[in-house]
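Here are my notes for your first read of this entry. Keep the viewer open and check each point as you go.

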Protein chains: 4
Amino acid sequence: MNTGLIGLGKMGLNMVENLLDHRRKVAVFDLSPEAVAAAVEKGAVAAESPDTLAGMLQRPRIIWMMVPAGRPVDTVLELMIPRLEPGDVIIDGGNSRYTDSERRAKLLEQQGIFFLDAGTSGGLDGARYGACVMVGGAKEAYDLVEPLLRDMCVEKGYGYMGRSGSGHFVKMVHNGIEYGMMQAIGEGFDLLESSGYDLDPEVVAGVWANGSVIRGWLMELAEQAFSKDRKLGYLKGEIADSGEGRWTVEAALEQNVSIPVIAGALFRRYRSRSEENFSDKVVAALRHEFGGHGFKANQ
Amino acid sequence: MNTGLIGLGKMGLNMVENLLDHRRKVAVFDLSPEAVAAAVEKGAVAAESPDTLAGMLQRPRIIWMMVPAGRPVDTVLELMIPRLEPGDVIIDGGNSRYTDSERRAKLLEQQGIFFLDAGTSGGLDGARYGACVMVGGAKEAYDLVEPLLRDMCVEKGYGYMGRSGSGHFVKMVHNGIEYGMMQAIGEGFDLLESSGYDLDPEVVAGVWANGSVIRGWLMELAEQAFSKDRKLGYLKGEIADSGEGRWTVEAALEQNVSIPVIAGALFRRYRSRSEENFSDKVVAALRHEFGGHGFKANQ
Amino acid sequence: MNTGLIGLGKMGLNMVENLLDHRRKVAVFDLSPEAVAAAVEKGAVAAESPDTLAGMLQRPRIIWMMVPAGRPVDTVLELMIPRLEPGDVIIDGGNSRYTDSERRAKLLEQQGIFFLDAGTSGGLDGARYGACVMVGGAKEAYDLVEPLLRDMCVEKGYGYMGRSGSGHFVKMVHNGIEYGMMQAIGEGFDLLESSGYDLDPEVVAGVWANGSVIRGWLMELAEQAFSKDRKLGYLKGEIADSGEGRWTVEAALEQNVSIPVIAGALFRRYRSRSEENFSDKVVAALRHEFGGHGFKANQ
Amino acid sequence: MNTGLIGLGKMGLNMVENLLDHRRKVAVFDLSPEAVAAAVEKGAVAAESPDTLAGMLQRPRIIWMMVPAGRPVDTVLELMIPRLEPGDVIIDGGNSRYTDSERRAKLLEQQGIFFLDAGTSGGLDGARYGACVMVGGAKEAYDLVEPLLRDMCVEKGYGYMGRSGSGHFVKMVHNGIEYGMMQAIGEGFDLLESSGYDLDPEVVAGVWANGSVIRGWLMELAEQAFSKDRKLGYLKGEIADSGEGRWTVEAALEQNVSIPVIAGALFRRYRSRSEENFSDKVVAALRHEFGGHGFKANQ
């Protein structure tokens, strides 16, 4: 056994199951005993600590981290570095910022340890049955990990992007595109909903998901969502965002790249969470000031 | 007396007062006796009907319409045409669509009557103390009306734009720009409000209104609005829109002109009035489907 | 034989082949003898005129039009109506405006002839091997045509949308979404290209097309395009647009729906075709006026 | 004499003249002897070094820096700090990032020296005849500087914003609004230019600058620019941008504020400088792949 997985959240646990399906032995660690127990039940081997985890693996060790971006990644690295040896590979499969990944790779390189940044897409379903992974770092380390990726991913659904940081950079841009696509889809269904044709969005999404130019997984998911309730009455239209949309905009600012649609999609998410929007109030107030236009009073 | 004014709403009444201040005699008509009485109190001469109005004016008659765009303009024209004579001038000072003005000018031309489309800006205050007017139509008719415009407008605040339709076209584009400017201002104050600096928007608007690059009437109005309540707590952020923003976007579609900011400002107005926005719900639902991301439940 | 196809452009010809593959007999007509010859070579039966075409088909006749939107559709209808009988079905499979389809359906209804508006997606490839079709009109007529759609389309890739006009409306919105998605993809690859990572867009598109959240046909096409030249050096970045993007924006204006991303994508296309953009010149000139900022001189 | 001015670029020199007009004595320093000579010719007193400058001023010294943002500001501060005494005030009148100003104020506070961040607007003309200044920092220091601001600015055109950083933050947001306004104006004139009305943009700008809702300095500048050449044929439509637009977007990302129009204006500037735009090429290529749509070949 040379594979360890640290971080048994929804994504991590699904990945463990995925690897077990491929007859791989996986040692796992998580701060939550319940998560570890769940993984063990599926067939994984529990490590009581990061220390034990390292001891359980043959060299070169391959350790996949699936923990939240930011501080948690650094914490795991701090714990693991003293227990790893030159030639071992540690992979960050989470949504870290690419600049962090560049920094971390340099740090580990000094110890002879390989650090790969592996942007992972495909959602929970992908983690379980076939993910999509974009990898940055030393090519030599990528080659070591390639058999693991072959098991974890759908066919052709993984690849070597380039030097450290590139895996998470490509994943970040992927998410930026995703924001734009989802916003376009949302706008389209809004148009359908408000038309006078009494259209059934589930039927439309179903047709679009099969043979159209815009077919793809997002359209299949739209069909699935509408199948539960064509009015989506069970949720509020407040759209959360993780870091990647903003980082994409920040990268565009740095690179002087014009991304009106991706940025527009992000800003729409902000707007969706801003109930008493001050910008809109200012515009309504200005209209009132110059034209005596009425306004909707606050009660 | 050769000047008549039909339509004594907020704008029309202010214009009458404005003209009376300039020692002009003005015959007025409105469907509302109260509005007529108000104008008469200021010094205008009441006409009991469009018919009488025409009879009270010396030739060439100059009749300024200040009625809502669309059907009302056509109704007034239908009433007045039989009572006018070749060489008379009828002016649409309202917010009509430029294509309507082109059509109407052609119609009246057949009778030898001049039709001018006069886009009017400056709000209530401008109507009262000095408006801004952009005129389209026959130059000959414009020259006839020019002394009236000199009284009605601020210095240099009026001009001959070109053939019929151009006055309302230029006014429409003016409103498109206004939408974009107001949205930019709204966004800016939103940034100020949400910063950690505890800024007073009235103070900021006051400084910006004096000497800055972005100084102008809108900034003065912003200062005025914030002076009433720096949180604008008295109104809701629901922004109405009249036809001109849409027509501007439609003109851009026809002319293949890229106007992302003006269109963005218009679409933000639509969004401001859409409380349970379906587009946003679709995006939130898609996030949930692929990532198991939580959503804010509707209760 | 009860199926005729009028209009043998790239799409129409592919559809004929598609139907012939399904052992259907198809009578065809086109103004171009070459196009007819090409269809005959594949196995279609040539009609010398629309008149003969009607004569060759058993009732109820099913006639699929695949001609350019606008005048050509009306021309074909004018030619065909006198030759059709109550109960026959004529289908507009092109990219007509939904309001035109509503009008045409009413017109034909008076003669007892069914008119279906069938928005067709899937590109040339879809027309040839399995299209995606959204149909509006009388349900009774749709049921008659359903076996044909089953042959022409991929599984689940067709459906009944609702009353006349709805098929083309849904197709129009589909194209609006497509504009937004394509723009998001374009922006993403622009970010990749200008990053310092020396990424290969073909490799990235290939990975994204397999297992990622943004997988779909457009990503497969991106991979295909980059496989020819990763710099896309063979083309200029001038993006044409057919009517559907604009109609989508117009529908949004009418329905008060906020579609910033779809409209932003359309306006970016306009911008892409505007080499000496006047708007940009105005902004550059304003910067110069207030700040003495240099500008790039025109030579 | 207690006023020094460091940095005699276009803005700084105009400010010196402005202050001299108000019968103030000003000691000046710049690395360029020519710039110093120019200021001396107007009546300023030359300092041979920052050292001498400090020696020439009575306490509390008031030193206005007008140097480029970034490193130059730090360099001047490093030179001046050892020569200043508690109670002296040093003002950064340039376009520094507000976070830098917060840092610098803390640094100088340790020495008992006041640091004010003074966002300056109004262009070259404002610097010369009446600027607009937004000040952040200790209120005590602002009160000391207030008489100088009264001379330098138009009436009501200056104010105390709040703690350190707030002056430059408010100036940054001002520039963000400016970007949005200028883009809206640019789009409007693009619509005028491409209409069939043969409009004269100078005439339109002139009318709009007087009495309209969108009147303001930018419109006056537009008139001025068009008066030179109504086609703006002397410049290319490539719009530069300084840091403030991007910082505004970055602040919005941090503060979760939705600023689609300001960001859209910035991204349009990027686009204006990107001749062979890769994003547009990708979209054109995708259209070709799915529809066999022609493309404009690169030669």
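1. Start with a term. A salt bridge is a side-chain nitrogen of Lys or Arg within 4 Å of a carboxyl oxygen of Asp or Glu. By that rule, the interface of chain B and chain D holds 0 salt bridges. The interface of chain C and chain A also gives 0. Keep that in mind when you reach the contacts between chains.

2. Next, what kind of model is this? It is a predicted one. Its scores are ipTM 0.96 and pTM 0.96. For chain A the mean pLDDT is 96, and 100% of the residues reach 70 or more.

3. Now the interface of chains B and D. How many residues of chain B are in contact with chain D? The count is 69, and they touch 69 residues of chain D. The two chains bury about 5,500 Å² between them. Carbon and sulfur atoms supply 71% of that area. On the chain B side, the residues that lose the most area to chain D are L191(B), Y197(B) and V213(B). Together these three give 15% of what that side buries.

4. Turn to chains C and A. Here 69 residues of chain C are in contact with 69 residues of chain A. The buried area is about 5,500 Å², with 71% from carbon and sulfur atoms. In chain C, L191(C), Y197(C) and V213(C) lose the most area to chain A.

5. Salt bridges do occur elsewhere. A search of the whole structure, over all chains, finds 112. One of them joins the side chains of R24(B) and D151(B), at 2.6 Å from N to O. This pair links distant parts of the chain, 127 residues apart. R24(B) sits in the loop between helix 1 (10-21) and strand 2 (26-29) of chain B, while D151(B) belongs to helix 7 (residues 139-152) of chain B. Are the two residues buried or exposed? Both R24(B) and D151(B) are buried.

6. A second pair in chain B is E244(B) with K171(B). Their closest N and O atoms are 3.6 Å apart.

7. R104(C) and D92(C) form a salt bridge, with 4.0 Å between the closest N and O atoms. R104(C) is in helix 5 (residues 98-109) of chain C, and D92(C) is in strand 5 (residues 89-92) of chain C. The two are 12 residues apart. Both R104(C) and D92(C) are buried. In chain A, salt bridges that share partners build one network from R71(A), D74(A), E78(A), D92(A), D100(A), R103(A) and R104(A).

8. Look at strand 7 (residues 131-136) of chain C. How many of its residues are buried? The answer is 6 of 6. In a regular strand, side chains alternate between the two faces of the sheet. For strand 7 of chain C, both faces are covered. A131(C), V133(C) and V135(C) are buried on one side, and C132(C), M134(C) and G136(C) on the other.

9. Which strands pair with strand 7 of chain C? Strand 6 (residues 114-121) of chain C pairs with it in the antiparallel sense, over 5 bridges. There G119(C) stands opposite M134(C). Strand 8 (residues 153-162) of chain C runs parallel to strand 7 of chain C, also joined by 5 bridges. One bridge there pairs A131(C) with C153(C). From strand 7 the chain passes through helix 7 (residues 139-152) of chain C to strand 8, and this β-α-β crossover is right-handed.

10. Finish with the sheet of chain D. Its 8 strands form an open sheet in the order 3-2-1-4-5-6-7-8, with mixed pairing. The edge strands are strand 3 (45-46) and strand 8 (153-162) of chain D, and each pairs on one side only. Strand 1 (residues 3-6) and strand 4 (residues 62-65) of chain D run parallel and share 4 bridges. Find G4(D) and you will see I63(D) of strand 4 opposite.

Notes
Residues are numbered from 1 along each chain as its sequence is written. Chains are lettered from A and ligands numbered from 1 in the order in which they are written. This is a predicted model: local features need pLDDT of at least 70, side-chain atom pairs count only at pLDDT 80 or more; totals for chains, interfaces and linings use all residues. Side-chain values use heavy atoms; hydrogens and water are left out. Buried means under 20% relative accessible area, exposed over 50%, partly exposed in between (1.4 Å probe, protein chains only). Two strands pair if DSSP finds at least two bridges between them. A crossover is right-handed if, with the strands pointing away from the viewer, the path from the first strand over the helix to the second runs clockwise. pLDDT is the predictor's confidence in each residue, from 0 to 100. Contact means heavy atoms within 4.5 Å. Buried area is the accessible area (1.4 Å probe) that two parts lose on being put together, summed over both.
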